[in-house]
Amino acid sequence: LPYTVEIVRSGDARLDAAAEAVSELRHLRERAPTSALGLVGRARIDLDRLRTALHSEGYYDGTIAITIGGEAAESPGLADRLEGRPGPVPIRVALTPGPQYRIARIAVTADPGTAAPALAAATAEPFGVAEGDPARTAPVLDASDTLIARLRREGHPLAAMAGREVVVDHDTHTMDIAWRFV
C-alpha cells in the first residue's frame, strides 16, 4: 500500500530531528512496502518510538497524533477501510511537546566516603548538566561519562557509576538526578 508521510514541525528543532530519526513510517516507506495492516502496525510502533523521542528531549507531557487517511491510527477497523484504497495514503504525524521539563536537583555521592575528595574535585567544574537545564537524556548520560573520566584522572582508575536515579515530577515539570559512584 503506497503512502506519504508528513511529520509536522513541533517548534523544537532537536525534537523534530529526533522524530525524523525514529519514525519507522518515514524510514520504511520506500524500502519495505507493506499492506494496510502493516501500515497501521508501523504507526502504532511509531507512537512508542515518538514518545521516547519526546522524553529524550525533556517533554514528558507531550502528545502524539498520527492520522492515516485522515483517521486516527488507533481507530478500530482502520486497516480494513484502507484496503484497496487508490493512490498513496496520506499519513500525518504531529508532536505537541507541551512544557519542557527542567533539572531541579542534582546529587552526586561516592561510596566509599574516601572517594569524596576526588568527587568534589570532579564536580568542581561544570560537567554537562546543571540545575535549571532542560531535562534532556543525552546530556544526563554524557555527564555520567564525564564524571567517571574525571574520577579516574583524580587517581581512581576503577571508578564506576554504582547507580543513577532519575525522578520526573509531573506536577512541577522537573527532574531530579542522583548519581552514586564507587
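Helix 3 (residues 36-56) has 21 residues, which at 1.5 Å a residue should span 30 Å, and its end C-alpha atoms are 30 Å apart, so the two values agree; the expected span is 1.5 Å times one less than the number of residues. Helices (H or I, at least four residues) and strands (E, at least two) are DSSP runs, numbered from the N terminus.

The model is predicted, with local features requiring pLDDT of at least 70 and side-chain atom pairs pLDDT 80 or more, while totals for chains, interfaces and linings use all residues. Residues are numbered from 1 along each chain as its sequence is written, and side-chain values use heavy atoms, leaving out hydrogens and water.

Among the buried residues of helix 3 are Ala-36, Leu-39, Arg-42, Asp-46 and Leu-54, where buried means under 20% relative accessible area (1.4 Å probe, protein chains only). Their cover includes the elements tabulated here, by contact (heavy atoms within 4.5 Å).

| Covering element | Residues |
|---|---|
| strand 1 | 3-8 |
| helix 1 | 13-22 |
| helix 2 | 24-28 |
| strand 2 | 63-68 |
| helix 4 | 78-82 |
| strand 4 | 89-96 |

After helix 3 comes Gly-58, with a positive phi near 90°.

Elsewhere, 3 strands form an open sheet of mixed pairing in the order 5-7-6, two strands being paired if DSSP finds at least two bridges between them. Strand 5 (102-110) and strand 6 (161-169) are at the edges with a single partner strand each, so one side of each lacks a neighbour in the sheet. Strand 5 runs parallel to strand 7 (residues 174-181), joined by 8 bridges, and Ile-103 has Met-175 of strand 7 as its bridge partner.

Terms used
Buried means under 20% relative accessible area, exposed over 50%, partly exposed in between (1.4 Å probe, protein chains only).
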